Amino acid sequence: MIMILQCKSKTKMFLTVIIWLILLCLTFCAFWFSKTTRDIPKSWYEWKMEFRFQYVGIVGLIDDFTYRFHNKVELYKQPDRVAVVTGGNRGIGLRIVEKLLNCDMTVIMGVRDPKTAKEAVKSLINLENIEGKLICEHLDVGNMKSVKEFAEKIKAKYSKVDLLINNAGIMFAPYKLTEDEFESHLAVNYLGHFLLQHLLLPELIKAGKKERKARIVNISSCAHLIGRINYEDINAKKYYYPATAYSQSKLAQILSTRHLQSLLNLQEVPVLVLAVHPGIVDTDLFEFTATTSVPLVKKLIFKTPEEGARTPVYAAISPKLEDGAGGLYLSNCRKATINRTALNPEKCEKFFKFSCDLLGIEEFTGKK
């Protein structure tokens, strides 16, 4: 009897060890195949960044699942409105354009390859069967000269812009300086859009009305929660890690959103500025990450691009936001938690002025 009990005890212990080994193995695999890079982190700092991204990613996935029934947007006809969308030839942006066209808007896409972008939209929607109009213009949002040329084309053709959706972006890309000597994440995700807002602000103000404000929507990310602004090395010339650069650019969008809204509110200008997290979405943005090794997992647990487009479009057109003060950060079509830095008006103002200095903007109202 004693031998039987001892045998059962050893079997139970053996099974416990096996279960723990399996759990550890699964945890390791989950971490390894969801890294922001395919390479092995080379320092403790890089390991910490990976762990932090794992944390915000898990929280983001839980949030997407928990509030999936909140992630809805009601489309309605708005034939008199003009929307400008950067990017839009793939992923979330393409679905944003589709939804705006179904609202019968005039949609101007700023993309690197206008011909390819138009074909991508045609693959989703028959442009001949809708009242909405599609215009594709060349734009390299990471090149400030291209941004200025794009803005001039819009200003020459349209007296007003009702919606500006800053969607174009890159994520976890290798180090690169743009022609303007800006780090690529900072340039593409933030500075190009910051300049575009500045240049189109007069047209946005013309479009805004008290009962229906013009809107600027910045596509940010939950990654902003672990971001920080490195004023001493904003272009990462001394040290570069893709995850750090990405999270900094996303925090930059939030800080700018908050301060620009406060400026517009002081001037009683009918323009709402909003930032959104579209969710953890299965798009080509993950091309530099380890998740490319497990595409089926992404299909199972990530949002689709169509689902990811809902919160940005909600921010752009929902009447429920009309009476608000703006400056919000939205996730799954509801207000979400933001980085504590963005709750400090002085820090938001400091970075806003810093951004103006980087781009040589003397007066953000569009006068200079």
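Trainee: Is Phe-53 buried or exposed?

Mentor: This is a predicted model, in which local features need pLDDT of at least 70, side-chain atom pairs count only at pLDDT 80 or more, and totals for chains, interfaces and linings use all residues. Residues are numbered from 1 along each chain as its sequence is written, and side-chain values use heavy atoms, without hydrogens or water. Buried means under 20% relative accessible area, exposed over 50%, partly exposed in between (1.4 Å probe, protein chains only). Phe-53 has a relative accessible area of 10%, so Phe-53 is buried.

Trainee: How many aromatic pairs are found in the whole structure?

Mentor: Rings of Phe, Tyr and Trp (its six-membered ring) pair if their centres lie within 6.5 Å; planes under 30 degrees apart are stacked, over 60 edge-to-face, the rest tilted. The search of the whole structure gives a total of 13.

Trainee: Which ring forms an edge-to-face pair with Phe-53?

Mentor: The centres of the two rings are 5.4 Å apart, with 80 degrees between the planes. The partner is Phe-172.

Trainee: How far apart in sequence are the parts that this pair ties together?

Mentor: Helices (H or I, at least four residues) and strands (E, at least two) are DSSP runs, numbered from the N terminus. Phe-53 lies in helix α2 (residues 44-66). Phe-172 lies in the loop between β4 (163-166) and α6 (184-207), so the parts tied together are separated by 119 residues.

Trainee: Which ring has the charged end of Lys-350 over it?

Mentor: A charge sits over a ring if NZ of Lys or CZ of Arg is within 6 Å of the ring centre and within 35 degrees of the ring normal. For Lys-350 the distance to the ring centre is 4.3 Å. Ring pairs also link this ring into a cluster with Tyr-190, Phe-194, Phe-351, Phe-352, Phe-354 and Phe-364. The ring is that of Tyr-231.
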